Amino acid sequence: MEAYPINKKWTLVHQDRLAEWQGEQKRRMHARTTINADSSLGILGRADEEGSPEWYVRKVLDNSISAKQLQSLAVSLRTQPIGWVKAFVEAQGQVALANVLGKYNRKQTTGPTNPTVNDKDLDREYDIVKCLKALMNNKYGADDALEHAPIVNALGASLISPRLNTRKLVSEVLTFLCHWAEGRGHQKVLQALDSLKSTQGENGRFDAWMRIVEVTVDGRGKMGSLVGASDEVRSGGIGMENLLMEYAVASLFLVNMIVDAPERDLHLRCHIRAQFTACGIKRILNKMEQFQYDIIDKQVERYRSNEIIDYEDLLEKENQVDGQDPEPQDLNDPVQIVQAIMSKVNGSHSADYFVSSLQHLLLIRDNEAEDRLRMFQL
């Protein structure tokens with residue numbers, strides 16, 4: 001070939017490049033033809049193709065998806081290319097999963113030891129939450145969740161699922177959503193907890209959730225043993241102690257995220273923290289410290305230290321507005337709180353209503369019945 005004249009060499013190079021170009025054109029034409037054919041099929045056509053995103057959506061919608069197929073869907077959402085996951089979201093797959101999850105939530109009654117709960121339903125609930133968690137791992141799924149309230153509401157309702165694994169997983173997903181979209185995710189999580197409050201007939205936003213957290217922590221046996229343990233812990237087998245600690249960690253992460261997410265709104269943080277206080281968060285934190293687990297201790301310390309900082313900032317801000325009014329130095333001291341309120345409303349019509357409210361509280365009968373607790377909640 002070295003002996004070829006220069007013109008022939010250029011001819012050979014030209015023919016080689018031309019063959020490559022023609023081959024590339026054929027491949028592009030074939031790709032366009034394939035895409036057009038797929039588009040002509042539409043969602044209904046692809047729904048018949050087993051293993052496609054649309055096929056899974058159809059199986060979820062008509063409630064014919066088996067437990068094995070649901071588990072395969074969770075694997076596909078974690079391992080398939082992002083285009084596959086996007087197609088599933090665009091086919092309203094995430095909304096379909098949330099609707100099914102909502103149905104299971106409505107079938108269940110509150111409590112981790114409810115004997116009427118069907119194990120098959122609990123398995124499906126857990127698998128659906130796994131699918132939703134996988135969907136939240138990308139922008140398309142997270143954004144779609146914020147656009148459709150039933151998705152976050154269904155996740156919020158599963159915070160009181162009878163199964164500990166599910167409650168832990170949901171806590172992790174909601175913690176992530178609190179971070180998402182610069183405050184919009186946090187707002188959606190609070191709305192989901194408000195929805196849970198309404199469906200459970202509670203007075204406080206966090207009452208139903210915190211009650212389950214406390215019951216779960218109380219179910220731990222003495223020193224991590226089965227002595228005095230709840231039925232849920234006894235039936236959990238080996239590793240239940242670790243699962244309890246992981247659930248406590250997940251719950252604390254979510255609590256701290258709900259409180260701390262509104263970084264620029266001091267009053268909102270104090271308001272949310274007051275709601276947690278009303279449902280016994282301080283008592284629950286003391287119980288969680290008994291795990292003697294470093295990560296739990298750090299989250300408890302984070303809650304308490306941020307509480308002190310926020311209250312100090314709040315008092316400083318209030319004093320700047322009206323420096324003459326004495327403010328309570330300890331917002332956990334009811335005497336100082338009452339004195340501070342009276343200093344603000346003294347001599348006004350508001351003082352009459354405030355005194356009347358205190359008188360009504362004083363007249364509540366001194367007994368240990370549930371009615372007394374209910375009246376203070378109201």
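A: Start with Arg283 and Glu214. They form a salt bridge, and their closest N and O atoms are 2.6 Å apart. Arg283 sits in helix H15 (residues 281-288) and Glu214 in helix H11, so this pair ties together parts that are 69 residues apart in sequence. A salt bridge here means a side-chain nitrogen of Lys or Arg within 4 Å of a carboxyl oxygen of Asp or Glu. Helices are DSSP runs of type H or I with at least four residues, strands are runs of E with at least two, and both are numbered from the N terminus.

The model is predicted: local features need pLDDT of at least 70, side-chain atom pairs count only at pLDDT 80 or more, and totals for chains, interfaces and linings use all residues. Residues are numbered from 1 along each chain as its sequence is written, and side-chain values use heavy atoms, with hydrogens and water left out.

Now, how exposed are the two partners, Arg283 and Glu214? Arg283 is partly exposed, at 42% relative accessibility. Glu214 is buried, with a relative accessible area of 12%. The cut-offs are these: buried is under 20% relative accessible area, exposed is over 50%, and partly exposed lies in between (1.4 Å probe, protein chains only).

Next comes a pair around helix H10. Asp194 and Arg205 join their side chains in a salt bridge, 2.7 Å from N to O. Asp194 belongs to helix H10 (residues 184-200), while Arg205 is in the loop between H10 and helix H11 (207-218); the two are eleven residues apart. Asp194 is partly exposed at 24% relative accessibility. Arg205 is buried at 17%.

Helix H6 holds another pair. Lys130 and Asp127 meet through their side chains in a salt bridge of 3.9 Å, N to O. They are three residues apart in helix H6 (residues 119-136), which means about one helical turn separates them. Lys130 is partly exposed, with a relative accessible area of 26%. Asp127 is buried, at 6% relative accessibility.

Salt bridges can also form a network. Asp260, Arg269, Arg273, Arg302 and Asp310 are linked in this way. How many salt bridges does a search of the whole structure find? The search finds 21.

Go back to H10 and look at its packing. Two packed helices are described by the angle between their axes and the distance between the axes. Helix H9 (residues 164-179) and H10 pack at about 135°, and their axes are 5 Å apart. That makes H9 oblique to H10. The axes are lines fitted to C-alpha atoms, for helices over the stretch in contact, and the angles run from 0 to 180 degrees between N-to-C directions. Under 35 degrees counts as roughly parallel, over 145 as roughly antiparallel, 65 to 115 as roughly perpendicular, and the rest as oblique.

Which residues meet here? Leu174, Leu177 and Cys178 in H9 meet Gly185, His186 and Val189 in H10. The residues of this contact divide into four nonpolar, two polar and no charged. Contact means heavy atoms within 4.5 Å. Ala, Val, Leu, Ile, Met, Phe, Trp, Tyr, Cys and Pro count as nonpolar, Asp, Glu, Lys and Arg as charged, and the others, Gly among them, as polar.

The loop between H9 and H10 contains Ala181. Phi of Ala181 is near 65°, a positive value in a residue other than glycine. Ala181 is partly exposed, at 28% relative accessibility. Gln92 also has a phi near 65°. Gln92 lies in the loop between helix H4 (82-90) and H5.

H6, H9 and H10 come up again at helix H8. In H8 (residues 149-157), the residues Ile151, Val152, Ala154, Leu155 and Gly156 are buried. Their cover includes helix H5 (93-107), H6, helix H7 (139-147), H9 and H10.

Step back to the whole chain. The protein chain has 19 helices and zero strands. Buried residues make up 40% of its 378 residues. Among contacts between residues at least 6 apart in sequence, 63% join residues at least 24 apart. The accessible surface of the chain is about 21,900 Å², and 53% of this belongs to carbon and sulfur atoms. Such areas come from the Shrake-Rupley method with a 1.4 Å probe; for residues, only the protein chains shown count as cover.
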